Every structure is written in C-alpha cells, then in structure tokens.
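Hi everyone, thanks for coming. Let me put the sequence and the structure up, and then we'll walk through a few spots together.

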Amino acid sequence: MKPKIGIVATAHRPKNWMTLYKSIGDNDIDFELVFVGPNPPDYELPNNFRFIHSLVKPAQCAEIAFRNINTELVMVLADDCTFNMPRPLDRLYETYKSYHNEKLLLSCRSSTNGKDESHFAHRFDVNDPNSIVLPLAPLMSKKFFNDLGGIDRNFIAIIWDNDLAMRAYEKGGTIILSDVFLNEDKSKSAGSILCQEFWRHDRKLLENLWTKDGKVRLIRNRPVETFSDFKILKNSQGPRGRWRGNGPIFIEKIADRLNINRHLLKCGFWISVVFRAISRPASYPKYAKKIFSMFFR
C-alpha cells in the first residue's frame, strides 16, 4: 500500500533520528521518511526511512527530499524535534481530511522543552500577537506543494517554509493549527547554529519578498526561483552560505558576499563590475581589503 504521509528533513544529526522516529509511534496511517544531507547514520534504518547523501545547502536538501517522496501528503520536520502524544500522524491525517480542502496547511503546535509556545511562535512577526499566522511542520498535499513551486532557491537554510506558507495564502490557501504538538528539545540541537548563522540572510529575504513600506502583504514582490534538476545533489544553487556551488571559489565568495541573485549573474554585469574596478586605481587598496575580508573574516 502506498504511504499516505511523507516526512522530510535535512540529514544533520543522525543520533537524533530514531528518537524522532519512535516518537511517531504506531499509527494506522502508513508513512515514510526521506532525510537528505551530509551525515549518514552509522546504524540500519527502518524500511520506511530513507537517507540520501548530499553536501548541498540545507534548503536544497529539503527540496531534494520533497522531490524524492511520493505520498499523498507531505510535511517537513527538524531532527531535534519529537512528537509528545500518541498516534500523531493519525490525528493530523484525520483532521486534515475533515476540512476537504486541497489548499490547507495543517500546522503542528510549537513547544520547546515541553513548554507551549504556540501563542507567539506561529506569527510572521513573533512580537505582534495580531501578525499573520504561519505554520510549524504543516501537513499539506504533495500536489499543492508542487503547485506552489516548491522551495525558492534564494533561501540558504531556514525560513523557506514561511515563504511557502505565504505563497499558500496568496493562492487562496488556509492555515489551521492542529492539536498535535511538536516539541523542540534544545539538548538535541547541539552542533547546529543554522538559525543564528543564516537568520540575517534568510529573514531579510522573507521580508523583502512579502513586505512593502514596512507592512506585510499577501502579494509576493517577485516570482519564485525554483531549483534546477541539473546536478541538484552536487552543486548548491542560488546563495550558498558556507556550502559551495560549481563555480570558482573566488567568484562564489564575491557573489555570496554581495548577495547577488541569478538575475545579476550575467556576463554584462560582471564586465561592468570589472571595468569600474580597473578604472579606479585609487580604490585598489579598498578592494584588496574587501577581498581579504571575504576569505579571512
């Protein structure tokens, strides 16, 4: 029987995976997991749990996982989280089906170390209780995920799911908070600083996409840039952070530093940049200082 629910994640901390798997527990609904990332487990995975090795950036790992799971419904989890109630997937599936809405994102509720944080965590602006509601690990149809265009390649590691939720709103979708809690265990997050490391880039991108004159609106400011299938497992696409693409590392460092997107990565742009730089000898020391800082900051 084809599994109904597919769970995807970036493969970062294998020591946590079976704790997460066991927290899912026994469910009547069939499910499978696909984790993609750099760190393989040193133990045998259950039959419904697949690992795909890749060294690309986390947002791209998540996209790869979505493309490699073939289920009716999908959701994304982090490997420092667990469910804290029995039969969570049955509860999510039954609730999702009760709405008869193909554009529904059914969210888990957020808790950290057992403390309910859903009163503020599910907001575009967590400091504004009236801010638009965003989901955590939402259950949604694979078809709707594909219709939305998948993950935008300009995100490096985090918050891409918030962008997906905003696109769901834009397409007339609905976000509902379920009664299923997903708990983040801070003790299982050791070795990961993705939120700290990439918050500035990814949060700024989210705000640039969905705000105008400081106000959130449900109209995206520019089209989604999807990932290409070409060498998707090998080369990071778009802004890469500390993950590499397939270009010369010197050029990639400059592109990452300037946050240049693919619309600017054209021959004419680079020719004009090089010409301006060469034509300003007085600025050579400044250029050298900037280049030095890119590699040794």
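Which backbone nitrogen lies 2.8 Å from a polar atom of the side chain of glutamine 237? That is the backbone nitrogen of serine 228.

Before going on, a word on where this comes from: it's a predicted model, where local features need pLDDT of at least 70, side-chain atom pairs count only at pLDDT 80 or more, and totals for chains, interfaces and linings use all residues. Residues are numbered from 1 along each chain as its sequence is written, and side-chain values use heavy atoms, with hydrogens and water left out.

Back to glutamine 237: you'll find this residue in the loop between strand S11 (215-216) and helix H8 (249-258). Helices here are DSSP runs of H or I with at least four residues, strands are runs of E with at least two, and both are numbered from the N terminus. Glutamine 237 is buried, with a relative accessible area of 6%; buried means under 20%, using a 1.4 Å probe and protein chains only. Leaving out residues up to four places away in sequence, glutamine 237 touches residues including Lys57, Arg153 and Phe230, where contact means heavy atoms within 4.5 Å.

Now helix H1, residues 17-24. The buried residues of H1 are Trp17, Leu20, Tyr21, Ser23 and Ile24. Looking down the axis of H1, they fall within an arc of 160°, so they line one face of the helix; the arc is taken from the directions from the axis to the C-beta atoms. Among the elements covering them are strand S1 (5-10) and helix H3 (88-98). After H1 comes glycine 25, with a positive phi near 70°.

Definitions and conventions
Buried < 20%, exposed > 50% of the residue type's maximum accessible area, 1.4 Å probe, protein only. Polar contact = N/O pair within 3.5 Å; in protein donor to acceptor, adjacent residues only side chain to side chain.
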